[in-house]
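Lead sentences come first, followed by points grouped by topic.

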Amino acid sequence: MSAELKTKHMLFPVVMISLALGLRQMSMTIVAPFISTYCKSLAGYTPLLAGLAVGAFGLMQAVLQIPFGMLSDRFGNKRVLLAGLSLVIVGFVVGFFAQNIWELILARALQGSGAVIGVGYAWVAGLADSRNRTEAMSILGAFVSAAAALAFAVGPLLRGVMSVSWMFMAGAIL
């Protein structure tokens with residue numbers, strides 16, 4: 001297989017993985033700035049629990065990155081990536097239906113449990129040969145970072161037309 005054909009063959013899966021992880025990043029970033037104020041509208045609100053709701057996502061991300069990497073080595077990147085993205089979607093749906101602060105904390109923990117960004121990078125690195133790996137990794141990085149940057153512009157616009165709970169549903173759809 002020629003290098004050019006190999007690059008074209010690699011490009012489609014790299015872009016699809018990048019798109020999936022970019023949309024995941026966008027959905028997480030769209031709703032993030034509004035979590036702390038949204039907490040005030042929920043039953044059982046305290047500042048401490050609001051902080052837990054904000055931090056639950058990052059804590060679960062930090063704790064589960066390595067286990068997800070180990071699971072991807074055992075079961076394959078595709079299965080683990082889909083499982084992680086499913087957890088994120090479930091977390092968004094739970095966030096949409098949350099009536100109290102504890103349900104929101106659960107939702108944020110579930111969203112953070114989809115800690116698959118490392119799995120995506122490993123998958124992309126495995127798809128590319130050594131000459132194209134940097135390019136493949138930069139495509140993924142560009143998608144994820146552009147999605148996060150775009151989310152900071154789109155989030156306030158969405159918040160102007162929908163409630164935070166509906167933003168959770170928009171995140172699940174993304």
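In helix α3, the residues Leu49, Ala50, Ala53, Ala56, Phe57, Gln61, Leu64, Phe68 and Ser72 are buried; buried means under 20% relative accessible area, exposed over 50% and partly exposed in between, with a 1.4 Å probe and protein chains only. This is a predicted model, in which local features need pLDDT of at least 70, side-chain atom pairs count only at pLDDT 80 or more, and totals for chains, interfaces and linings use all residues. Residues are numbered from 1 along each chain as its sequence is written, and side-chain values use heavy atoms, leaving out hydrogens and water. Helices are DSSP runs (H or I, at least four residues), numbered from the N terminus.

**Helix α3**
- α3 covers residues 47-75, 29 residues in total, and reaches 40 Å from its first C-alpha to its last, close to the 42 Å expected at 1.5 Å a residue (the expected span is 1.5 Å times one less than the number of residues).
- At Leu64, α3 bends by about 40°, and Pro67 follows within four residues; the bend is the angle between axes fitted to the seven residues ending there and the seven starting there.
- Phe57 lies in α3 and counts as buried because its relative accessibility is 18%.

**Helix α4**
- The 21 residues of α4 (residues 77-97) should span 30 Å at 1.5 Å a residue, and the end C-alpha atoms are 30 Å apart, which agrees.
- Val80, Leu81, Gly84, Leu85, Val88, Gly91, Phe92, Gly95 and Phe96 are buried in α4.
- These residues cover an arc of only 165° around the axis, so they are on the same side of α4; the arc is that of the directions from the helix axis to the C-beta atoms.
- Lys78, Arg79 and Phe97 are exposed on the other side of α4.

**Helix α8**
- In α8, 8 of the 10 residues are buried, so the helix is mostly covered.
- The buried residues of α8 include Met167, Phe168 and Met169.

**Lining of the largest pocket**
- α1 (3-31), α4 and α8 (164-173) each supply at least two residues of this lining.
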